[in-house]
Each structure stands twice: as structure tokens, then as C-alpha cells.
Amino acid sequence: MFRFLTAGESHGPGLSVLIDGLPAGLDISEDDIKVDLERRQKGFGRGGRMKIEKDHAVIKSGIRHGVSLGSPISLWIENLDHENWKEAMSPYPVNNSVDKKEFTKTVPGHADFAGALKYKQHDLRNVLERASARETTARVAAGAICKIFLLKFGIDIKSRVISIGKIESNDENIDNVDWTLTETSEVRTTSPDLEKKFIDAILKSKKERTTIGGTFQVIAFNLPVGLGSFSQWDRKLDGKIAQAMMSINAVKGVEIGNGFKNTKKAGRDVHDVIVPDKKDKRNFKHLTNHAGGLEGGVTNGEPIIVNVAIKPIATMTNPLPSVDINTGEIVEAQYNRSDICQVPPACVIGEAMLAIILTDVILEKFGGDHIDEIISNVSNYTNTHNEFGGK
Ligand SMILES: Cc1cc2nc3c(=O)[nH]c(=O)nc-3n(C[C@H](O)[C@H](O)[C@H](O)COP(=O)(O)O)c2cc1C
């Protein structure tokens, strides 16, 4: 069984990651993880925090001489900003004279109002510290390790920003994309003509002292047919992916393939026609991919395409009216140092979540304690596809 857990507060000493259930025999280095941690830190519209952090995951267990042992992998990511919060976020009791950086003015759209009542906290920092998207750094580290596992099967995950505010890319092509563009673009777009428009939209929001959301796309290529299952509701891969994406902070919508656009079309313009294709072991392919690679909650061999909607950030330099959680007085919402637009880094978090879910379903279907065993299980399975579609 594959599992992963994270721990850590935004301004606490750091983040812990525990990944359980990965096989032995995978080459894993801190440098491999660092690539994605750095990608997550980038993006036009980020606040001052990212200038302080230099995220690096230290491997603490589960790997010996650079190779996984099949035992739980644990990682530690230090929060460099903790230096400025040593007493305020100390895990140990502190003197009453210490500035605990408490706050009580709720932020509409953040987790602090509901969290304060739920966990009986009169200092909203006790909610915000864990609800913060700093936690997604730990997910990206876990996802980077899962990507190493997935690459053993040729599975590759990409992502890009589709829209920021009202500015939207209409490029639906996924086959001939120059994915290096996303790595050089500050807004992770594959449409160079949109780069400036996205940046201008973010700058305009900053000037207007508000924030801006958008949508991004995550795609997984080279998947075998048959991951996930329709046999029970909680084994459906589309459902698992939707939950994983929805769990990313500020994500409010998930679409598989052309889920929403398809509702406006006739059935015959929506469904992906299956044709013989002798070029690969599956012997079949689909002429289009409106379904986003999933039918019946199962991969159909086409790329998985997930579109994700992320709301504008709740914390704003021109705050909304709100309430003080302790006095009930009407106040202005708290402002804490914040991002203006988080859509570009959210792409990298989306990649991590898709990598984690695909790792889970591959291990579920193909099991095995050493990577060689799993590779051989996958190969035995895909060879059975030769029985279909004639010779
Ligand atoms: C990469 C990333 C960065 C974020 N940065 C901030 C931020 O600086 N300020 C903020 O208020 N919310 C930020 N958020 C969103 C909040 O974490 C989120 O809105 C909050 O936890 C409430 O949860 P919900 O929006 O999922 O309901 C960020 C989200 C992501 C994905």
C-alpha cells in the first residue's frame, strides 16, 4: 500500500515528508528533488517569502547510497524563514513577553474563521500556519520521488498555465508542444504571445491591491491502458485525481479532458472514436482525446489531461471588511505578506499530486517490492494486450 504524509507549519522549523510503499531499487538523490522544489518557488506574482527560502529536501531515511531500500522514505525541508519566527513559532513554551505574532482579524476566503471555531483557537495563526500553502512544498518533494518511479515506465508529467484572470490560451494542442517554454516562462505558458498579457494582468492586480486566479493544465503521457477501476466508486482514477487536485490550496474546480466544454456539444462530437493502430502493443488508439484519457475511471491509453481552477488569493493589501474572532467587532481583514498570483507555482504542485496518484494506482495494479519486479509485471500485463485486435 502506497501512502504519504506531510507535517510542519509555515513558519515553524520545517516540513517533514513520509513516503511509504515505494519499491527498492530506485536511484533517488536530493538533487532530483531539488529540481521540482526550485520550479515550485518560481513564478511571476509571488510574495517576499520565496526570496527568503531556498528549498532543499534532506533525505533522512529509506535510501542507502542513493538507492531506495523499500522502507519508508523520510525527508526534512528546513524553513529558512523560521529564523525570523524563532520565538513566535517555537515548539516549546515561551516567556509571555515574547511577541507571538498573534492575530485575530479573520481573512474571508482563508481557513482561519472555520479553523478557529473548529480547533478552539483564539489566535488565528494557529490555523493559518498549517492551512498555508507552504505545506505543498512537502507534496512537491514527494511528487518528485514519484516522478522518478513513473519514469521507469516512460510516464512523463507536464503542466502549463491556461488562463490568468480573463486572459486565456486557446491552444488545445498537446502533442507538438515545446515544454521547455514553461520552464523559461515566468508564468509557465506555452503560448509566448500570452506571456506579457499574463504578466500585465498580474501587475494590474497588484496595482489595484487585489489578487488574481486562473486555470492550469496537468498532463500525463505514455500511460498503459487499465489504471484505476470502475469496480468501486473509490477506485475510479478520475475521482482520485479530482480529489488530489481539489486538495491543493485555493483550488476550486477540476475538469478531466473537455468535461465542461463537452456539455455544450452533441454526443457524436464528444466521444473519442477508437481505431486500429498497429504501432504499439495496445493495437488501438483514439482519434481524439476529449475524455482526457479516462473512461469508466480507467486509463484508456491516451494522455490524462486535467484542467484545474484556482481562485484568487484571499490575503490582500486592500483587505475586505471582516470580524475580529475574539471581540466580534467589524474590522479590516488581516494582511500578512502574501502572493498576488499563485497560478504558475500551482502547476508544479498539480504535477506532484498527479504523480502521487499515478504511483498509487500503478503500485495497486502491479505491486512488487523491487522496481525490477514491477517493471516485469507491467510488461507481462501489456503483452496480454496482443491478444486483442488481431495480429
Ligand atoms: C502556491 C500557493 C500559494 C499560496 N499563497 C497564498 C498566500 O500568499 N496568501 C494567501 O492568503 N493564500 C495563499 N494560497 C491559498 C491559501 O493557502 C488557501 O486559499 C487557504 O488555505 C484556504 O483554503 P481554500 O482556498 O483551499 O479553501 C496559496 C495557494 C497556493 C497553491
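Reader: Axes here are lines fitted to C-alpha atoms, for helices over the stretch in contact, and angles run from 0 to 180 degrees between N-to-C directions. At roughly what angle do H8 and H9 cross?

Author: They cross at roughly 145°, and their axes come within 9 Å. Two points on the source. This is a predicted model: local features need pLDDT of at least 70, side-chain atom pairs count only at pLDDT 80 or more, and totals for chains, interfaces and linings use all residues. Residues are numbered from 1 along each chain as its sequence is written.

Reader: Which hand does that crossing have, left or right?

Author: H8 passes H9 in a right-handed crossing. Right-handed means the near helix is turned clockwise from the far one by less than a right angle, left-handed anticlockwise.

Reader: Which residues touch there?

Author: From H8, the contact uses Leu-237, Lys-240, Ile-241, Ala-244 and Met-245. From H9, it uses Gly-350, Met-353, Leu-354, Ile-356, Ile-357 and Val-361. Contact means C-beta atoms, placed from the backbone, within 7 Å.

Reader: What classes are they?

Author: Nine are nonpolar, one is polar and one is charged. Nonpolar covers Ala, Val, Leu, Ile, Met, Phe, Trp, Tyr, Cys and Pro; charged covers Asp, Glu, Lys and Arg; the others, Gly among them, are polar.

Reader: OK, H5 next. How does H5 sit against H9?

Author: Helix H5 covers residues 136-151 and helix H9 covers 343-366. Their axes come within 7 Å and cross at roughly 50°. That crossing is left-handed.

Reader: Which residues of H5 and H9 meet?

Author: On the H5 side, they include Thr-136, Arg-139, Val-140, Cys-146 and Phe-149. On the H9 side, they include Val-348, Glu-351, Met-353, Leu-358 and Thr-359. The residues of this contact divide into 12 nonpolar, three polar and three charged.

Reader: And what about H1 and H9?

Author: Helix H1 (residues 30-41) packs on H9 at about 145°, with the axes 7 Å apart. Asp-36, Arg-39 and Arg-40 of H1 meet Pro-345, Val-348, Ile-349 and Ala-352 of H9. That contact has four nonpolar, no polar and three charged residues.

Reader: How many helices and strands does the protein have?

Author: It has 10 helices and 18 strands. Both are DSSP runs, numbered from the N terminus: helices are H or I, at least four residues, and strands are E, at least two.

Reader: What does the C-alpha trace span?

Author: Along its principal axes, about 80 × 50 × 40 Å.

Reader: Sheets now. What is the strand order in the open sheet of five?

Author: The order is S9-S8-S10-S16-S11, with antiparallel pairing. Strands pair if DSSP finds at least two bridges between them. The edges are S9 (167-168) and S11 (251-256), each pairing on one side only.

Reader: How many bridges link S8 and S10?

Author: Eight, between S8 (residues 156-164) and S10 (residues 214-221). Within that pairing, Ile-157 has Ala-220 of S10 as its bridge partner.

Reader: Which helix lies across S11 and S16?

Author: Helix H8 (residues 237-246) does, running at about 155° to S11. Strand S16 covers 304-310.

Reader: What about the open sheet of three strands?

Author: That one is S3-S6-S5, again with antiparallel pairing. S3 (24-27) and S5 (63-64) are its edge strands. Two bridges join S5 to S6 (residues 67-69). Ile-63 has Ser-68 of S6 as its bridge partner.

Notes
Two residues are in contact if their C-beta atoms, placed from the backbone, lie within 7 Å.
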